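Hello,

Here is the structure I said I would pass on. Please open it first, then read my notes below.

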Amino acid sequence: MSKQYKLVSCTINGKHVEKMIDVRASLTDMLRDDYRLTSVKKGCEVGECGACNVIIDGECFNSCIYLAVWADGKEILTLEGLAGPNGEISDIQQAFIDEAAVQCGFCSPGFIMSAVEILEAKREFSDDEIRKLMSGHLCRCTGYENIFRAVKKTMLRRLGKEKEADEV
Amino acid sequence: MYVGKKVTRVDAYDKVIGRTRYTDDLCDKSAYIARVLHSTIAHGRVVSMDTSEAEKIPGVVKVFTCFDVKEKHYFPTAGHPWSTDPGHQDVADRLVLTEEVRFYGDDIGAVVAEDEVAAAQALAAIKVEYEEYPFVLDVQEAMKEGAPQIHKDYPGNILKHTTIRKGNYEEAIKEPGLTKVEGWYDTPTVQHCHIENFICYAEMEGDRITVTASTQIPHIVRRIVGQALGIEWGRVRIVKPYIGGGFGNKQDALYEPLCAWLCMQLGGHLVKLDIPREDTFVSNRVRHAIRSHIISWVRPDGTYAARKLEAFSDQGAYASHGHSIVAKGAGAFPQLYPCDNVEVDAYTVFTNKSVAGAMRGYGIPQAMWAVESHTEDVAARMGMDPVEFRRKNLMPVGYVDAFSRNELYDDTFNQCLDKAMEAIDYKRKFNEYQNQTGDIRRGIGVSVFWYNTAVWPISLETSSCRMVLNQDGSLQVQLGETEIGQGADTAYTQMTADVLGVPLRDVHVVSCQDTDVTPFGTGAYASRQTYTAGFAIRQTAMLLKERILEYARELTRMPPYNLDISEGNIVRTTDGRVLMTLGELSTEALYSLTNSRHLSAESTSQIKSNAYSFGCTIAEVEVDIPMCKVKLLDIVNAHDAGKLINPALAEAQVHGGMSMGIGYGMSERLLFDEKTGRALNNNLLDYKLSTFMDHPRLKAVFVENAEPTSAFGTKALGEPPACSVAPAIRNAVYQATGVGVNEAPVNPHNLFRRFKEEGLI
C-alpha cells in the first residue's frame, strides 16, 4: 500500500504555511517533523501525559491524538509562538522561571500551553479549578507545586491583584 | 557570593521557550527506526521465529532475531562504577537479544524500518514459536524447592543473601519483661515514569560508534556498550544532551547496547530506538518490591533489647543493580534505631517479572516503609507517643558507623522533627484526632528516614572537572556529573563563580556531555552530584586560580600572594586596587608574542568520605471509611541536607520527591497477571501516577547544619525527599482509624481488605 498525502494548509505561530502531509501523521508528528517545532514533546503519544499540548483555534489539545489533516484551516500556537516579535517572553514563561517551576523541562512546554489557555479566560479560578484545569498534564520532577504557584500568580497579576499574587 | 542564594536555573530560559534539545530533537530525519520485539511468555525458550511476512512490509529494512546474535557477549547493565576486582563486578547476564526468555517483555528480536508505521506493522507480523517453562512471580514461591529456576548457578533463585549480626539476638530475647512486636511489610513494584521515555540513536564514523542517549551515566554506558559489542571501549562514544528525567531508570544501560549493535549490523547507518511508554513500564527497570519481616523485643521503658529484620527483594528476571538495593536498606536498619542485638538477613531473589534496578532512594523508601510502619506499631503497643518513642530510640548525636565512618554531627533528627511539627501544627492536630469515631476521620502521621550521600566505601567515588578560560575572562566548566533536570549545572555554576571569584554570568557549564570530551565521571545517581562534584570544582578552580595569579605576576609585577580574583578582576589584596580585569589578563595570555599561555585546569578528586542526610515527613489525612478512600490534607518534609547551595532548587527538589512518595504511598502499583506474567497497567492512564489533583500544597523546610566533610557544607538531597512520605501517610491513616495498612500503597483496594479484617466495614 502506497503512502497517502494530503495538503494541510494552516497558520502556525502566526504564519500561514502549507505542506503535503502523510495522512496517518498526528499533529505532533507534523509539528515536530515537518516544521521542526520541537517544543512539542512526545511522552506517551496516546493523550495521557500532556507534553505535546498546543493551542488550536484558542483551545488546548493533546496534539498526539489530533490528526495532522484535521489541522487544515486551523490556527495553531506552540510554545515557540509565545515570544513577542523581539524575542521577549510572556509573563507565564517568566513566572515558570521565577518560581523554579522548571526542572528537567520536558513537560514544561505542554504545561505552559495549558496555562495560556487558562489565563486567556481572563477570570479568577479557585485553587481547585486551577488544579483540575491543569490535571491533564503529568510531571515527575516538580510535584506540581511550583507550577501551581506560577499559574496562580500570573492569573492574579493579569487581573491586577499584585498583592494577592505575592502571597501565593 | 552565589552559593546559598536563590539563583535562577541556568537552563530555565531555554526550557521555557522550548529551545533545549533532547535526544529526539537532535536526531537526523534520515535515521532508520528500530523497535524491539518483546516476548509474550514469562519463561521459556524461543524455538523459532518466522520473519517472512514482516520482511515483505514496504519500508522494512531488516528484521533481527535472537538467533542473529552470533557472538554472545554477556554484559552487566547496572550503572555502577566498574570494579577491577572480578569479585565486585556486576553480574553479566544480558545479551542484546535473547533466546532464553525470563519475563513477559524480554527482548527477543528487533525490527529496523524506514518509518515508525512500517516498524510497528513488522513487529506485529513476526511469528514466534516458544518452548514454555513454568514461571514464578512471587519471591517466597521462587525460593521454594522445586520452583522454576530462572538462571543457572543461582539455587533457590537467590541472587545474593547477606547478613548483619550484632550482639547476640537469641540470648537478648530471653531478658524478662520484654514485649514482642512483629510485622510483615510489603512495598509494590513501581516505575520511574520520567516524562521523556528512554531514547537513543547510534551511528558510526570510521570504526567508532557514537550513541546519543537519554542517560544519567554516559561514561558508564560507554564501558557497557563496549562490553556488549565486544569492542574496545575507546571505540565507543556516548553523547548525553538534555534529558527529560531519569530517577534511576536511566542509571542503567537500557537499550544503548542493542541500538549500537543494530547500527553495526547495518553498516553503521543511523538507527534510532525510541521506546514507547508501554514498553518503558515493562522492559526498562522498575523499583524492587521488597517484603520485610521485622521482630522487635521492647523493654517496658520503650528501649529495644533485640531486633531482627528479614528482607526479600524482588529482582525480576535479570540482575541489573541486584542486591545493592536491599543491602542499602538492610544496612540502614541497625543504624537508624541502634540496638545492641541485631540480626539482619537480606535476600535478592529472581522472579519472572520486569527487571528491577535503581530508583530514587535505592532501597530506602522500601526500608522506611517497613521500619517506620513498624516503629508506629511498636509505639502503639507500648502505649507511647509516636514522636517521643522515636526521639528516645533514634540514632544519637555522635553516632559513628564503623564501616562508612559516617558520623551524626548534629541533633538533626530532633531539629527536623521540631521544624516539621511546627510547620504543620502537629501537636494540636494530633491531640484533636485522638479517639475519633464515625465514618469520616482525620489523622496525622510521622516518619523519619535514613539516607547517606554517594556510594563510598561500597564503591568508587571520583569526580573530574575541567575549566578553560576564554579571552574575555569567562570560562567553560565540564564535569562527568550529569544534569538530568535536578539543577546540577546551576549548582556547579554557583560553586565555580565563588571559588574562582568571577561573576555568575561568566561561568558556562557545558551541559551536554560527550565521553570524547567530558572529563571522566560516573554520572547522576546516589544523590552524589552536589557533594561529589563540589570537591572537584573547588580543587580545579583553586588550581586555575593559582595559574591565573602566577601569570598575573608577570603582568602586574606583584607576587601572587598579594593578588586575588574578585568579581572577575585581578585585585591587589594589600590595598584592594583593581589591577586589571581577568579578560585583559586572559586576552594577553592567549595572544602574547612573548609568553602565550592557554589558561586551563583539570583535576580529579577521589572522595573517601560520605555523609548522613536525614529528615522526616509529617502527613495529615482524612479517611472516608465506607468508601475506603484517603484524602491527603497537608504534608511537610523537613531535611538536613547541610548547607543548601540553592534554596529555591532545593525546595523544588523536595517537592518532586514528596510527589513521588505520595504516589508510592497512595496509588502507584504495577500489576502483573498471575496467569501469564504480563503487566496489566503499563500505561499512564491505568498506572496511577499522582496528578495535580492528588496533592495538597507541598511544604518543604530545612535545617542547615554544615556538613564538615563536604567541600561546600552540603550533602544528599536528590533522593531523600522520596524516602519517608509513604510511611507518614500510612501512619496518619493508622491514627485516624486504628488500622495499620502494611502493604503499600494505601489505596482503596488495600484499605477495603484491612477495614474488613478489622471489622470497620
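Chain B has 20 helices and 29 strands. The model is a predicted one. The radius of gyration of chain B is 27 Å, and the globule rule also gives 27 Å for 761 residues, so chain B is as compact as a globular protein of that length. Along the principal axes, its C-alpha atoms fill a box of roughly 90 × 75 × 50 Å. Buried residues make up 58% of the 761 in chain B. Take the contacts in chain B with a separation of 6 or more: 80% of them join residues 24 or more positions apart.

Domains of chain B

Chain B splits into three parts. Domain 1 covers 13–133 + 198–274, domain 2 covers 365–455 + 611–757, and domain 3 covers 462–606. The C-alpha centres of domain 2 and domain 3 of chain B are 40 Å apart. Their contact takes 18 residues from domain 2 of chain B and 16 residues from domain 3 of chain B. On the domain 2 side, the residues are ten nonpolar, six polar and two charged.

Two sheets in chain B

Start with the open sheet of four strands in the order β18-β27-β28-β29 of chain B, where the pairing is mixed. β18 (440–449) and β29 (698–702) of chain B are the edge strands; each has a single partner, so one side of each lacks a neighbour in the sheet. The average twist from one strand to the next is 15°. Inside this sheet, β27 (614–624) and β28 (629–640) of chain B pair antiparallel over eleven bridges. One bridge pairs B:Val623 with B:Val630 of β28(B).

Now the other sheet. It is open, has four strands in the order β21-β20-β19-β26 of chain B, and its pairing is mixed. Its edges are β21 (507–509) and β26 (600–606) of chain B, each with a single partner strand, so one side of each has no neighbour in the sheet. Here the twist averages 20° from one strand to the next. β19 (462–469) and β20 (475–479) of chain B run antiparallel and are joined by five bridges. B:Leu469 has B:Leu475 of β20(B) as its bridge partner.

Which helices go with these strands? Helix α15 (488–500) of chain B lies across β20 and β21 of chain B, at about 145° to β21(B). Helix α16 (529–556) of chain B packs on the sheet and touches β19, β20 and β26 of chain B. The direction of α16(B) makes about 145° with that of β26(B).

One residue to look at

Is B:Gln227 buried or exposed? B:Gln227 has 21 C-beta neighbours inside 10 Å, and the cut-off for buried is 20 or more, so B:Gln227 counts as buried. B:Gln227 sits in helix α7 (218–229) of chain B. Leaving out residues up to four places away in sequence, B:Gln227 touches B:His73 and B:Phe75. B:Thr77 is 150 residues from B:Gln227 along the chain, yet their C-alpha atoms are separated by 10.0 Å.

Chain A

Chain A is assigned domain 1 (5–78) and domain 2 (91–166). Their C-alpha centres lie 23 Å apart. Twelve residues of domain 1 of chain A contact eleven residues of domain 2 of chain A. On the domain 1 side, β3 (53–56) and β4 (59–62) of chain A each give two or more residues. β3(A) gives the most, with three residues. By class, that side has seven nonpolar, three polar and two charged residues.

Helix α1 (27–34) of chain A is mostly covered, with six of its eight residues buried. The buried ones are A:Leu27, A:Thr28, A:Asp29, A:Met30, A:Leu31 and A:Arg32. Their cover includes β1 (5–12), β2 (15–22) and β3 of chain A. Just after α1(A), A:Arg36 takes a positive phi of about 55°.

Where the chains meet

How many residues does each chain bring to the contact? Chain A brings 40 residues and chain B brings 48 residues. On the chain A side, the elements giving two or more residues are α2 (91–98), α3 (108–120), α4 (127–133) and α5 (145–158) of chain A. That side of chain A has 20 nonpolar, eleven polar and nine charged residues.

Best wishes

Note on methods: Residues are numbered from 1 along each chain as its sequence is written. Chains are lettered from A and ligands numbered from 1 in the order in which they are written. This is a predicted model: local features need pLDDT of at least 70, side-chain atom pairs count only at pLDDT 80 or more; totals for chains, interfaces and linings use all residues. Domain bounds come from an automatic or database domain assignment. Two residues are in contact if their C-beta atoms, placed from the backbone, lie within 7 Å. Ala, Val, Leu, Ile, Met, Phe, Trp, Tyr, Cys and Pro count as nonpolar, Asp, Glu, Lys and Arg as charged, and the others, Gly among them, as polar. A residue is buried if 20 or more other C-beta atoms lie within 10 Å of its own, exposed if 12 or fewer, and partly exposed in between; C-beta atoms are placed from the backbone. Two strands pair if DSSP finds at least two bridges between them. Axes are lines fitted to C-alpha atoms, for helices over the stretch in contact, and angles run from 0 to 180 degrees between N-to-C directions. The radius of gyration is taken over C-alpha atoms; the globule rule is 2.2 Å times the number of residues to the power 0.38.
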